[in-house]
Amino acid sequence: MRLRSLTLAAASGAALLAAGLMPAHALANPAPTATPKAAQEGSVSAADLLAKVKSCSQISNGKYKTDDETSATVPVCGKNGAVFWKADMDIDCDGQRTTNCNEDRDPWYQDDTAFHQSDGKPLKSESLPYVVVPSTSSIWKYSDYGIKGGGVVAVIYDNKVEYAVVGDTGPTKIIGEASYATAKALGIDPDPATGGADSGVTYILFKDSKASPIESHSAAVSLGDQLAKQFIANN
């Protein structure tokens, strides 16, 4: 994340330098900037979902780290019909090789995912929004709570909601990871080497759900919207 911070600092410095060279009338009357449109999938707002996950009833036996060098501070929490956690977002670029997900772009690239498309091939991180769950350990076993490959997830960041599927498994002690496509849809830098978000990401995984086929994002959005409405009504 330090690399990203330095890049931002350099960009800010360049902007200040450019401002110093701009004529006074341009500074006094800056050109209007367009307000980015928040991505919203489905009909349930980020605020309504977040209101239901303010408190945590911990279901994991311990807590997870968000990165190797951090301390374990993130519990898995239980709700009616779902489990959730609040963490960072690291970028998973594994699966089928594409323009932005390959050995050259991702130092940790692997050509497979834990769960596969309906044709048996690995998932495509660059185009399919999916979430990574921690591999089974003494901390938590996701399958005991109705979480499975293809399960639907509401991922919330910066007042945006993106529906994804459970697509891969990760380290046993680290949590907070999603595919290139998930990050991009939420306005997070999707670069597998330097991107991601340091915090502020909420993952709500709906129990006993499954988008079919797993590679259909529209199926995840349609089912996710139904499940989100049920989640709001039941919590």
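**Reading the chain**

Author: Start with the contacts: of those with a separation of 6 or more in the chain, 74% are between residues 24 or more positions apart. Keep in mind that this is a predicted model.

Reader: How many helices and strands does the chain have, and what pattern do they follow?

Author: There are 5 helices and 7 strands. Along the sequence the pattern reads α-α-α-β-β-β-β-β-β-α-β-α.

Reader: What share of the residues is buried?

Author: A residue counts as buried when its relative accessible area is under 20%. In this chain of 235 residues, 46% are buried. The accessible surface comes to about 11800 Å², and carbon and sulfur atoms contribute 52% of that.

Reader: Which strands pair with S5, and in what sense, parallel or antiparallel?

Author: Look at the bridges between strands. S3 (residues 130-134) runs parallel to S5, with 5 bridges joining them. Val131 has Val166 of S5 as its bridge partner. S4 (residues 152-157) is antiparallel to S5 over 6 bridges, and Val152 stands opposite Val165.

Reader: How many salt bridges does the structure hold?

Author: A salt bridge requires a side-chain nitrogen of Lys or Arg within 4 Å of a carboxyl oxygen of Asp or Glu. The structure holds 5 of them. One of them joins Asp111 and Arg97, at 3.9 Å from N to O. Those two residues are 14 residues apart, and both lie in the loop between S2 (82-92) and S3. Asp111 is partly exposed, with a relative accessible area of 44%. Arg97, Glu103 and Asp111 are linked in a network of salt bridges.

Reader: Where in the chain are Asp191 and Arg105, which also meet in a salt bridge?

Author: Their side chains meet at 3.7 Å, N to O. The pair links distant parts of the chain, 86 residues apart: Asp191 is in the loop between helix H4 (180-185) and strand S7 (197-206), and Arg105 is in the loop between S2 and S3. Arg105 is partly exposed, with a relative accessible area of 33%.

Reader: How do I read a helix such as H5, and which of its residues are buried?

Author: Begin with the general idea. An α-helix has 3.6 residues a turn, so residues three or four places apart point the same way. In H5, the buried residues are Ala219, Ala220, Val221, Gly224, Asp225, Leu227, Ala228 and Phe231.

Reader: What do those buried residues pack against?

Author: They pack against helix H3 (46-51) and strands S1 (77-79), S2, S4, S5 and S7.

Reader: How far does H5 reach from its first C-alpha to its last?

Author: The helix covers residues 217-234, which is 18 residues, and reaches 25 Å. That is close to the 26 Å expected at 1.5 Å a residue.

Terms used. Residues are numbered from 1 along each chain as its sequence is written. This is a predicted model: local features need pLDDT of at least 70, side-chain atom pairs count only at pLDDT 80 or more; totals for chains, interfaces and linings use all residues. Side-chain values use heavy atoms; hydrogens and water are left out. Helices (H or I, at least four residues) and strands (E, at least two) are DSSP runs, numbered from the N terminus. Buried means under 20% relative accessible area, exposed over 50%, partly exposed in between (1.4 Å probe, protein chains only). Contact means heavy atoms within 4.5 Å. Accessible areas come from the Shrake-Rupley method with a 1.4 Å probe; for residues, only the protein chains shown count as cover. Two strands pair if DSSP finds at least two bridges between them. The expected span of a helix is 1.5 Å times one less than its number of residues.
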